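This briefing covers one protein model.

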Amino acid sequence: MSTWHALFYPIKAGSEETVKELFRDSGRPDFEVTDADGKVVGKLLATMAFVGKEAAIRVIQVEGPLPLVAAHMSRQPEVREFERQLEEHLAEPRDMVTPEGARAFFQKAGMENVLNRTAPDTAPDTEAAA
């Protein structure tokens, strides 16, 4: 079963276009989530990014435990580079160098999924059409 998670990034006024480009140009991490020993423990299924006035939100859909997904993401060069480039555009400084600092950022910036509503299947009934 998959879950959705989001991170909120308060960004500096006037940096919205640059942040949009950073998200668009960011590399793709390894979709197989592995633990520190290299064992597959989950999967990255989808990523969305939204940028508005002085705010950005990254939404991910994953399979697997969130702490292991976060640890996997922190080891991905593409993610590390994106976070490095994003740093100068954030309205609030953060510590992504130490595990404690990164954990504090994710606890503060993390957003809880409270609704995921989809339309019912609207595909034609093939038995009725036959």
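The largest pocket holds about 900 Å³ of space. Of the 28 residues that line the largest pocket, Ala70, Ser74, Met96, Ala102 and Phe106 are the closest to its centre. The model is predicted, with a mean pLDDT of 89 for the protein.

**Pocket lining**

- Helix H2 supplies the largest share of the lining of the largest pocket, with 7 residues.
- At least two residues of this lining come from each of S1, S4, H2, H3, helix H4 (99–109) and S5.

**Sheet**

- The 5 strands form an open sheet in the order S2-S3-S4-S1-S5, and their pairing is antiparallel.
- Strand S2 (32–34) and strand S5 (110–111) are the edge strands; each has a single partner strand, so one side of each has no neighbour in the sheet.
- Strand S1 (residues 2–10) and strand S4 (residues 55–63) run antiparallel and are joined by 9 bridges.
- In this part of the sheet, phenylalanine 8 has isoleucine 57 of S4 opposite to it.

**Helices on the sheet**

- Helix H1 (residues 16–25) packs on the sheet and touches S1, strand S3 (40–52) and S4.
- The direction of H1 makes about 155° with that of S3.
- Helix H2 (residues 66–74) lies across S1, S2, S3 and S4, and H2 runs at about 95° to S2.

**Glutamate 78**

- Helix H3 (residues 77–87) contains glutamate 78.
- Is glutamate 78 buried, exposed or partly exposed? Its relative accessibility is 28%, so glutamate 78 counts as partly exposed, since that class lies between the limits of 20% and 50%.
- Leaving aside residues up to four places away in sequence, glutamate 78 touches Gly27, Arg28 and Pro29.
- Serine 26 is 52 residues from glutamate 78 in sequence, yet their C-alpha atoms are 6.6 Å apart in space.

**Confidence**

- A pLDDT of 70 or more is reached by 93% of the residues.
- Where pLDDT is low, the predicted coordinates should not be read in detail.

Notes:
Residues are numbered from 1 along each chain as its sequence is written. This is a predicted model: local features need pLDDT of at least 70, side-chain atom pairs count only at pLDDT 80 or more; totals for chains, interfaces and linings use all residues. Side-chain values use heavy atoms; hydrogens and water are left out. Two strands pair if DSSP finds at least two bridges between them. Helices (H or I, at least four residues) and strands (E, at least two) are DSSP runs, numbered from the N terminus. Contact means heavy atoms within 4.5 Å. Axes are lines fitted to C-alpha atoms, for helices over the stretch in contact, and angles run from 0 to 180 degrees between N-to-C directions. pLDDT is the predictor's confidence in each residue, from 0 to 100. Buried means under 20% relative accessible area, exposed over 50%, partly exposed in between (1.4 Å probe, protein chains only). On a 1 Å grid over the protein atoms alone, a cavity is a set of points where a 1.4 Å probe fits but cannot get out, and a pocket is an open set with protein on both sides within 12 Å along at least five of seven lines; lining residues have an atom within 4 Å of a point. Grid points are joined across faces, edges and corners, and a volume is the space filled by probe spheres set on the points.
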